[in-house]
Amino acid sequence: IGHGHAGNGHTANTRFEEPAAFLGGRPPAGPDPIESTAAAAVVAAPSPRAARAAVAEVAAGTGLGADRVNGLVLALSEVVTNALVHGEAPVTVRAWPSEGRIHVTVTDAGPGPADPFVGLLHRPGAESIGGHGLWFAHQLCHQVTMGRDAAGFTVRLTVWA
């Protein structure tokens, strides 16, 4: 239970929520407004390599530096791999560039992860990078959101200058 400090004693924080309940109770992440426009790239049933190539090409016109683009491409590769391994077909990658920004979605028909902490906590002691894809995405992108809707499960990655 969360506690606050009041003078010389402690009082219970009546607004405290267990982290898992808080994360699980959040409303689903909605689409970025740019998603209402036509995507510059749509890659159906992508391999991680095809997704990386398409997004790197689209990102070339945004004015983003190489570090930002390379980070996004690495995060995208991890998210596409997750969709292919843990999600359900079809998997689709879409990308929307703008000046100094790129927004990418990866959608699969599956339910997405059940763990509300996925991507938010690093699992120390792991022998390899396996299982860290969404955590890497959070480290490499400015914004990462995830949500379920009628189309399935979507991970949204956004990077800006």
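Me: In this predicted model, contact means heavy atoms within 4.5 Å. Among contacts between residues at least 6 apart in sequence, what percentage join residues at least 24 apart?
Reply: Take the contacts in the chain between residues at least 6 apart in sequence. Then keep those that join residues at least 24 apart. The share is 62%.

Me: Is Arg156 buried or exposed?
Reply: Arg156 is found in strand S7, residues 152–160. Its relative accessible area is 7%. Buried means under 20%. Arg156 has 7%, so it is buried.

Me: With which side chain does the side chain of Arg156 make a polar contact?
Reply: Arg156 touches several residues beyond four places away in sequence, including Asp32, Glu35 and His103. The polar contact of its side chain spans 2.6 Å. The partner is the side chain of Glu35.

Me: At what angle do helix H2 and helix H3 pack?
Reply: Helix H2 covers residues 48–59, and helix H3 covers residues 66–86. Their axes lie 9 Å apart. H2 passes H3 in a right-handed crossing. The angle is about 150°.

Me: How many residues of the contact of H2 with H3 are nonpolar?
Reply: H2 brings residues including Ala51 and Val55, and H3 brings residues including Leu72 and Leu76. Two residues of the contact are polar and one is charged. The nonpolar residues number 11.

Definitions and conventions:
Residues numbered from 1 in each chain as written. Predicted model: local features only at pLDDT ≥ 70, side-chain atom pairs only at ≥ 80, totals over all residues. Heavy atoms only, no water. Helix = DSSP H or I, 4+ residues; strand = E, 2+ residues; numbered from the N terminus. Buried < 20%, exposed > 50% of the residue type's maximum accessible area, 1.4 Å probe, protein only. Polar contact = N/O pair within 3.5 Å; in protein donor to acceptor, adjacent residues only side chain to side chain. Axes fitted to C-alpha atoms, helices over the stretch in contact; angles between N-to-C directions. Left-handed = near helix turned anticlockwise from the far one by under 90°. Nonpolar A, V, L, I, M, F, W, Y, C, P; charged D, E, K, R; others polar.
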